Amino acid sequence: MGRKRRIIFILLLVFWLIVSTTLGIPHILIGLFFGLVLIWYWKDLLRGFPDILTFQEFLALVRVLLFLAREIVLSAIAVARTLLFSRPAVSPAFILIEPPLTSDWGRVLLANCITIAPGTTTIDVDPETGRFFVHALTEEIAQNLMYWPMVDKIRDLEQLIQRRTKKED
């Protein structure tokens, strides 16, 4: 088992033990079993993941996640205002965006960020062109999504990791 797989296996096991709230032998064995099954099942998926992050890359990821947390709160407030006070009125919109992301994991991260933020849902991502088809609760949210700073933050993280991997090759 490679280093990346071992780390993900340990993270899965720790997550399982936290979620199960019990530290009995049966729970540990179940966690070990399902961790191994998931690592085996994800064997092809893990090749696409970036290697273990450097400190600089880790800080960039933390910045992305903190920005996402801020955006989730702001989006929840905007959606509540729309639903409770009709300001702005609900006007569902579908938009097509083409973020300048080149890696699969960058696109997956952005798609999840869009879906996690209240008021938007990623409907589809074209793997060939990188186009995102997104539903927004209002036209205002759709317009804001077109110029969302999250795209730049993910692109910066993507470039950091790509620079390092090019140096290693």
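This is a predicted model: local features need pLDDT of at least 70, side-chain atom pairs count only at pLDDT 80 or more; totals for chains, interfaces and linings use all residues.
Residues are numbered from 1 along each chain as its sequence is written, and side-chain values use heavy atoms, with hydrogens and water left out.

Start with charge. Side chains of opposite charge can pair when their charged atoms come close. A salt bridge here is a side-chain nitrogen of Lys or Arg within 4 Å of a carboxyl oxygen of Asp or Glu. The whole structure holds three of them.

One joins Arg 70 and Glu 71, with N to O at 2.8 Å. Burial is judged by relative accessible area: buried is under 20%, exposed is over 50%, and partly exposed lies in between (1.4 Å probe, protein chains only). Glu 71 is buried at 12%. Arg 70 is partly exposed at 45%.

Another salt bridge pairs Glu 98 with Arg 131, at 3.0 Å from N to O. This pair links distant parts of the chain, 33 residues apart. Glu 98 sits in the loop between strand 1 (93-97) and helix 5 (104-116). Arg 131 sits in the loop between strand 2 (120-125) and strand 3 (132-136). Helices (H or I, at least four residues) and strands (E, at least two) are DSSP runs, numbered from the N terminus. Glu 98 is exposed at 53%, and Arg 131 is partly exposed at 35%.

The remaining bridge ties Glu 158 to Arg 155, whose closest N and O atoms are 2.5 Å apart. Both residues lie in helix 7 (residues 149-168), three residues apart, so about one helical turn separates them. Glu 158 is buried at 0%. Arg 155 is buried too, at 17%.

Now turn to the nonpolar side chains. In soluble globular proteins, such side chains tend to be buried together. A nonpolar core is a set of buried Ala, Val, Leu, Ile, Met, Phe, Trp, Tyr and Cys residues joined through side-chain atoms within 4.5 Å. The largest has 24 residues, and Leu 110, Ile 114, Trp 148, Met 150 and Ile 154 have the most contacts inside it. Elements giving it two or more residues include helix 4 (55-85), helix 6 (139-146) and helix 7. Helix 5 gives the largest share, five residues.

Take Leu 110. Beyond its neighbours within four places in sequence, Leu 110 is in contact (heavy atoms within 4.5 Å) with residues including Pro 99, Phe 132, Trp 148 and Ile 154. A second, separate core has five residues, among them Ala 60, Leu 157, Leu 160 and Ile 161.
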